[in-house]
Amino acid sequence: MEKIVVVNDASKEALQAAKYAFQLACFYNKDIVLANMVSAERSVLNQVARSKAVPAGFEIVLNDDENTETVGDHLNCLKPETGFHPGINNLDASGFGEREMINYINFHKPCLVIHGVTANVENRN
């Protein structure tokens with residue numbers, strides 16, 4: 001089964017990208033690989049990141065200890081509308097450079113790679 005790769009740098013944008021990947025994975029019956037670009041101790045979510053990354057129509061179930069929830073934990077708590085819950089696999093890519101990530105993608109041939117980006121909007125008057 002082809003998978004969707006989500007590049008996770010522990011930012012609120014990465015969480016938003018993971019939520020979008022979850023929706024696509026549910027619809028197309030695909031599993032997700034979270035390519036965690038930061039070490040495990042830096043990848044926990046915080047209240048601000050979660051609150052800014054909630055898509056409409058998804059219920060969020062938080063762990064009791066807010067300091068231990070990761071993007072994978074968060075996705076596993078979501079309730080899909082389609083009945084299919086994608087498998088969430090973690091890849092420790094914290095030591096990957098650009099070349100290693102490209103090699104991983106070329107070798108595994110995912111159907112989609114998603115990365116969150118920050119929109120820089122300038123006031124141009």
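How many salt bridges does the count come to, when a salt bridge is taken as a side-chain nitrogen of Lys or Arg within 4 Å of a carboxyl oxygen of Asp or Glu? The count comes to two. The structure is a predicted model, in which local features need pLDDT of at least 70 and side-chain atom pairs count only at pLDDT 80 or more, whereas totals for chains, interfaces and linings use all residues. Residues are numbered from 1 along each chain as its sequence is written, and side-chain values use heavy atoms, with hydrogens and water left out.

The secondary structure of the protein chain comprises four helices and four strands, both taken as DSSP runs numbered from the N terminus (helices: H or I, at least four residues; strands: E, at least two). From the N terminus on, these elements follow the order β-α-β-α-α-β-α-β. Of the 125 residues of the protein chain, 38% count as buried, where buried means under 20% relative accessible area, exposed over 50%, and partly exposed in between (1.4 Å probe, protein chains only). Among contacts (heavy atoms within 4.5 Å) between residues at least 6 apart in sequence, 78% join residues at least 24 apart.

In one of the salt bridges, the side chains of E2 and K30 meet at 3.8 Å, N to O. This pair links distant parts of the chain, since E2 lies in the segment before β1 (3-8) and K30 in the loop between α1 (12-28) and β2 (31-36), 28 residues apart. E2 is partly exposed, with a relative accessible area of 43%, while K30 counts as buried at 19% relative accessibility. The side chains of K12 and E13 also form a salt bridge, at 3.6 Å, N to O; here K12 is partly exposed, with a relative accessible area of 37%, and E13 is buried, with a relative accessible area of 19%.

When its neighbours within four places in sequence are left aside, I32 is in contact with I4, V6, A21, F22, A25, L75, P86, G87, I88 and N89.
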